Amino acid sequence: MNRRLIVNADDFGLTRGVSEGILAAHRHGIVTSTTALVTSRIESDHVARARDSGLGIGLHVNLTLGRPLTSGASLVDEGGRFVRDARRAAARADRRDVDAEIAAQVARFHDLFRCPPTHLDTHHHVGLLSPVRESVLATARRLGVPVRSQDATARARARGAGLRTPDHFFGESGPDAYWTPARTLAHLRALPPGLSEFMAHPGWFDDDLAYSRYARQREAELIGLGTPPARGAVEALGIRLCNFENL
C-alpha cells in the first residue's frame with residue numbers, strides 16, 4: 001500500500017512562539033511543510049532557519065488577519081485592517097484588489113525566502129470562496145505550484161484547472177486541540193492510499209498569541225505531531241513523509 005503524507009504547519013511567522021514551535025515540530029516530529037504568513041513581521045533568524053531546515057515552505061495567502069501589503073479598499077475595514085470573517089471578507093472583495101494583494105504577498109515571499117513557494121493555501125480557508133478562489137487558482141497556475149484542497153469539491157476544481165493537489169485532507173482548528181497524540185495515531189493508522197495532507201497548527205504559546213482563539217491548543221499539537229513518538233509511528237506504519245514539492 002502506497003501511503004504518502006504531507007504534514008503542513010500553517011501560520012509560520014504569526015508569532016515568534018509559533019515559528020519556533022513549527023521548526024521544533026519539523027526537527028523532532030513529522031511536520032514536513034509549512035506555510036508562511038508574510039503579512040506578519042517574520043523574524044530574520046526564523047526565515048534563515050526555515051530555509052536551512054529542509055521544510056517545504058509555501059505561502060499562506062492572508063486576507064483576514066492584520067493589515068494588507070497593498071491599499072485595496074475592498075479588502076479592509078474603516079481602520080485599514082482585513083475583515084476577520086472569511087465569508088464577509090470574500091463577499092466584499094473586488095477581484096482586482098485580491099489579485100494585487102496576492103501578487104504582493106508572492107513578491108514578499110520571494111524577498112524573504114529567495115525562492116518560489118512550494119504551494120499555496122489560505123488563512124481561515126478564504127480561498128474556498130469567490131473571488132479569492134479564482135485568484136488563488138490563477139496565481140498557482142502562473143507559478144506552477146500545487147494548492148491545498150480541503151474537500152472533494154475543491155480538489156475537483158483544482159485538478160480541473162490543471163493544478164496538482166493531494167488526494168486527501170485532514171485537519172481542523174476548532175475550540176479544542178485537533179492533533180492530540182491519540183488523534184494523530186488514529187489518523188496515521190487509518191491513512192488511506194495515495195497522498196494525504198494533515199493541516200496542523202503547532203506552536204509555543206506566547207503573549208502575542210493571547211488574542212487568538214487557537215492559542216494554547218497549538219502546544220497540544222506540538223506534542224501530537226512534533227515529538228519522536230509521532231515519527232516512530234510513521235516509520236512503524238510504513239508511511240512515507242514528503243512535502244508539496246513531491247507532488
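Analyst: What follows takes a few labels in this predicted model and sets values against cut-offs.

User: Why is Asp 10 called buried?

Analyst: Asp 10 has 2% relative accessibility. Buried means under 20%. Therefore Asp 10 counts as buried. Asp 10 sits in strand 1, residues 3–12.

User: What makes the pair Asp 10 and Arg 148 a polar contact?

Analyst: Their side chains come to 2.8 Å. The cut-off for a pair of N or O atoms is within 3.5 Å. So the pair qualifies, and the two side chains make a polar contact.

User: How do you know how far Asp 10 and Ala 200 are from each other, in sequence and in space?

Analyst: In sequence, Asp 10 and Ala 200 are 190 residues apart. In space, they are 6.2 Å apart, C-alpha to C-alpha. Asp 10 is also in contact with Ala 200, and its other contacts include His 60, Asp 121 and His 201.

User: Why are helix 1 and helix 2 called roughly parallel?

Analyst: Helix 1 (residues 16–28) and helix 2 (residues 44–53) pack at an angle of about 15°. Angles under 35 degrees count as roughly parallel. Therefore helix 1 and helix 2 are roughly parallel to each other. Their axes are 11 Å apart, and the crossing is left-handed.

User: Which residues meet where helix 1 packs on helix 2?

Analyst: From helix 1, the set includes Arg 16, Leu 23 and His 26. From helix 2, it includes Asp 45, Arg 49 and Ala 50.

User: What makes the phi of Asp 11 and His 125 worth a look?

Analyst: Most residues other than glycine have a negative phi. Asp 11 is not a glycine, yet its phi is positive, about 80°. His 125 is not a glycine either, and its phi is positive too, about 60°.

User: Are Asp 11 and His 125 buried, partly exposed or exposed?

Analyst: Asp 11, in strand 1, has 2% relative accessibility, so it counts as buried. His 125 lies in the loop between strand 4 and helix 5. Its value is 25%.

User: Where is the cis peptide bond?

Analyst: The cis bond joins Ser 130 and Pro 131, with omega about 5°. Most peptide bonds are trans. Pro 131 is in the loop between strand 4 (120–122) and helix 5 (132–143).

Definitions and conventions:
Residues numbered from 1 in each chain as written. Predicted model: local features only at pLDDT ≥ 70, side-chain atom pairs only at ≥ 80, totals over all residues. Heavy atoms only, no water. Helix = DSSP H or I, 4+ residues; strand = E, 2+ residues; numbered from the N terminus. Buried < 20%, exposed > 50% of the residue type's maximum accessible area, 1.4 Å probe, protein only. Contact = heavy atoms within 4.5 Å. Polar contact = N/O pair within 3.5 Å; in protein donor to acceptor, adjacent residues only side chain to side chain. Axes fitted to C-alpha atoms, helices over the stretch in contact; angles between N-to-C directions. Parallel < 35°, antiparallel > 145°, perpendicular 65-115°, else oblique. Left-handed = near helix turned anticlockwise from the far one by under 90°. Lists of a residue's contacts leave out its neighbours within four places in sequence.
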